[in-house]
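Biologist: I am new to this structure. Could you show me how to read its features, one at a time?

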Amino acid sequence: MTDAPAALLPAALKAAEIASDLVRTRVPGLLTAKGDRDMASEVDYAVERAVRDYLKKRTPDIPVLGEEEGITGDTTGELLWAIDPVDGTANFVRNIPLCGISIGLIERGRPVVGVIDLPFLGTRYHAAQHAGAHLGDRRIQASMTTDLKDAIVAIGDYAVGENAQTKNRRRIALTDRLAANVQRVRMFGSVAIDLAWVAEGKLDASITLSNKPWDMAAGVAIAREAGALVSDQDGTDHTVSSVSTVATTPALADDIAALIKSTDDTRSDR
């Protein structure tokens, strides 16, 4: 383990500040279709390029993976930036304030630094491995909820694109299981928000049946440093190679895992 991650947090914070200014001061502009019911706005591209340019100057030896323009730089090292310029683009283009900028640093497949900025809510979360999770200057921690019936749980968006109907059988089954067992189920449309709010204790769990590094890296690092458990759907430790992203307050981990397992008969790969 290198001491690089904590030392690189200031670069991620500054990059998030640059990105947040762009998101708050520009209209979405023209939309580019990326597939079935998927899109990127002009702001998505502008933010990603601005963040790439900044990180390239500050950390020229670390490659950057972005949602919109893929990976650039030398990928033979142990570190990788992963950025989502606007997580929750569908919300952003409709003027729904639930969207965020996600900048994570991955070391050998494991997120170790994260910054999530929610520009329309005026909040910025950050964490570095072994240094705790923070909202601004305030240390944050996952909730202390111990009973599933008291839990508020966020789930990721339903699938779009290829095989969406098949994939959504399990998501719908999971929604049904959660609705029958937890206090409330929420779908905010931004996994960056879901993971940040698990870290802050607003949510007791976040379940997303997918795993994309630009979406997840920052939030996984922040949630872990706040004391949440972050795993794959089978309970193994979450990495960039995981199939799903499940973040829970520790006392609920087994109960949440059992609910997910109960949907195995609707898995899209069967």
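Modeller: We go from the domains to their contact, then to salt bridges, a helix and a loop residue. Keep in mind that this is a predicted model.

Biologist: Start with the domains. Which parts of the chain does the domain assignment give?

Modeller: The assignment lists domain 1 as 5-139 and domain 2 as 148-267. Their centres, taken over C-alpha atoms, are separated by 21 Å. For the contact, 38 residues come from domain 1 and 28 residues from domain 2.

Biologist: How do I read the area that domain 1 and domain 2 bury between them?

Modeller: Buried area is the accessible area that two parts lose on being put together, summed over both. Here domain 1 and domain 2 bury about 2,500 Å². Carbon and sulfur atoms carry 65% of it.

Biologist: Which residues in domain 1 lose the most area to domain 2?

Modeller: They are Pro111, Ile116 and Tyr125. Together they make up 22% of what that side buries.

Biologist: How many polar links are there? I mean salt bridges and residue pairs in polar contact.

Modeller: Between domain 1 and domain 2 there are two salt bridges. There are also 13 residue pairs in polar contact, both residues at pLDDT 80 or more.

Biologist: Which elements give two or more residues to the side of domain 1 that touches domain 2?

Modeller: Five names to find in the view: strand S5 (79-87), strand S6 (100-107), strand S7 (110-118), strand S8 (123-128) and strand S9 (133-135). S7 gives the most, with eight residues. By class, that side of domain 1 has 20 nonpolar, 11 polar and seven charged residues.

Biologist: Now the salt bridges. What should I look for?

Modeller: Look for a side-chain nitrogen of Lys or Arg within 4 Å of a carboxyl oxygen of Asp or Glu. The structure holds 16 salt bridges.

Biologist: What are the closest N and O atoms of Arg110 and Asp237 apart?

Modeller: They are 2.4 Å apart, and the two residues form a salt bridge. Arg110 sits in strand S7, while Asp237 sits in the loop between strand S14 (229-231) and strand S15 (245-248), so this pair ties together parts that are 127 residues apart in sequence. Arg110 is partly exposed, at 29% relative accessible area. Asp237 is partly exposed too, at 44%.

Biologist: Take Glu78 and Arg108. Where does each one lie?

Modeller: First the link: their side chains meet in a salt bridge at 3.9 Å, N to O. Glu78 is in the loop between S4 and S5, and Arg108 is in the loop between S6 and S7, so the pair ties together parts 30 residues apart in sequence.

Biologist: Is Arg108 buried or exposed?

Modeller: The cut-off for exposed is over 50% relative accessible area. Arg108 has 54%, so it counts as exposed. Glu78 is partly exposed, with 45%.

Biologist: With which residue does Glu69 form a salt bridge?

Modeller: With Arg49, the closest N and O atoms being 2.7 Å apart. Glu69 lies in the loop between strand S3 (64-66) and strand S4 (70-72), and Arg49 lies in helix H2 (residues 42-58). This pair links distant parts of the chain, 20 residues apart. Glu69 is partly exposed at 33% relative accessible area, and Arg49 is partly exposed at 44%.

Biologist: Which residues are linked in a network of salt bridges?

Modeller: Lys34, Glu67 and Glu68 are linked in this way.

Biologist: On to a helix. How many residues of H5 are buried?

Modeller: Buried means under 20% relative accessible area. In helix H5 (residues 191-200), 10 of its 10 residues are buried.

Biologist: What follows H5?

Modeller: Gly201 does, and its phi is positive, near 90°.

Biologist: Last, a loop residue. Where is the place of Gln183?

Modeller: Gln183 is in the loop between helix H4 (164-181) and strand S12 (184-186). It is partly exposed, with a relative accessible area of 37%.

Biologist: Which residues does Gln183 touch, not counting those up to four places away in sequence?

Modeller: Gln183 touches Leu148, Lys149, Asp150, Ala151 and Ile152. Take Ile152: it is 31 residues from Gln183 along the chain, yet their C-alpha atoms are separated by 5.7 Å.

Notes:
Residues are numbered from 1 along each chain as its sequence is written. This is a predicted model: local features need pLDDT of at least 70, side-chain atom pairs count only at pLDDT 80 or more; totals for chains, interfaces and linings use all residues. Side-chain values use heavy atoms; hydrogens and water are left out. Domain bounds come from an automatic or database domain assignment. Contact means heavy atoms within 4.5 Å. Buried area is the accessible area (1.4 Å probe) that two parts lose on being put together, summed over both. A polar contact is a pair of N or O atoms within 3.5 Å; within protein, one must be able to donate a hydrogen and the other to accept it, and residues adjacent in sequence count only if both atoms are side-chain atoms. Helices (H or I, at least four residues) and strands (E, at least two) are DSSP runs, numbered from the N terminus. Ala, Val, Leu, Ile, Met, Phe, Trp, Tyr, Cys and Pro count as nonpolar, Asp, Glu, Lys and Arg as charged, and the others, Gly among them, as polar. Buried means under 20% relative accessible area, exposed over 50%, partly exposed in between (1.4 Å probe, protein chains only).
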